[in-house]
Amino acid sequence: MADAPDYISTSYQAHQRAYEAYSRDGEKAAHAAAWLEPGTINHWRFERMYRLADPLLQSFPTAEWLTVGDGRYGLDDQYLNAQGARALATDISDTLLAEAKNDGLISDYRQENAEALSFEDDSFDFVLCKESYHHFPRPIKALYEMIRVA
């Protein structure tokens, strides 16, 4: 088994390559641009999920949020901030997060591994991980990290 590829590293590298394909210069750039278009089915689908956070946003208006696996231009961060929250977008790939910050869509971001977050315990009030959990090579480890920092 010594020659077997490291599954975890391979998974992280695949994620990075995937987001490079969606960058401005990538072959899927037009597809990625559609993520930002209101009035699409994709936008409606995301809004339905985001609205589940609205009671927390209304009850805790000064809460600090961390978004994990938010590499699609920080869309989760964008929603939270539009509702008046303070959020920080993170993803293992910073390719599209850097573009989002450059375009003024998000105010800040961090490149983070969900399985080894660099934040102190209790750094955030809430963590939002909307669609990335099933991509983590060791999801229980990522869940522990999200609970630790919240």
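Predicted model: local features only at pLDDT ≥ 70, side-chain atom pairs only at ≥ 80, totals over all residues.

Biologist: Fine. How many aromatic pairs are there?

Modeller: The count is eight aromatic pairs. Take Tyr22 and Trp35: the ring centres are 4.9 Å apart and the planes are at 35°, so this pair is tilted.

Biologist: Which parts does that pair tie together?

Modeller: Tyr22 is in helix H1 (residues 7–22), and Trp35 is in the loop between helix H2 (29–34) and H3, so the pair ties together parts 13 residues apart in sequence.

Biologist: Is Trp35 buried or exposed?

Modeller: Trp35 is buried, at 5% relative accessibility. Tyr22 has 15%, and because the cut-off is under 20%, Tyr22 counts as buried.

Biologist: What is the geometry of the pair Trp35 forms with Tyr73?

Modeller: Trp35 and Tyr73 are edge-to-face, with 6.1 Å centre to centre and 65° between the planes. That pair links distant parts of the chain, 38 residues apart. Tyr73 sits in the loop between strand S1 (64–67) and H5. Tyr73 is buried too, at 6% relative accessibility.

Biologist: And which residues do the ring pairs link into a cluster?

Modeller: Tyr22, Trp35 and Tyr73.

Biologist: What lies over the face of Trp35?

Modeller: Arg72 does, at 4.5 Å from the ring centre. Elsewhere, Lys130 lies over the face of Phe46, at 3.9 Å from the ring centre.

Biologist: What does Tyr73 touch, leaving out residues up to four places away in sequence?

Modeller: Its contacts include Tyr22, Trp35, Leu36, Leu96 and Ile106.

Biologist: Last topic, H3. Which of its residues are buried?

Modeller: In helix H3 (residues 41–50), the buried ones are Asn42, Phe46 and Tyr50. They cover an arc of only 70° around the axis, which puts them on the same side of H3.

Biologist: What covers them?

Modeller: The cover includes helix H4 (54–59) and helix H5 (75–82).

How values were computed: Residues numbered from 1 in each chain as written. Heavy atoms only, no water. Buried < 20%, exposed > 50% of the residue type's maximum accessible area, 1.4 Å probe, protein only. Helix = DSSP H or I, 4+ residues; strand = E, 2+ residues; numbered from the N terminus. Arc of directions from axis to C-beta. Contact = heavy atoms within 4.5 Å. Phe/Tyr/Trp six-rings, centres within 6.5 Å; stacked < 30°, edge-to-face > 60°. Lys NZ or Arg CZ within 6 Å of the ring centre and 35° of its normal.
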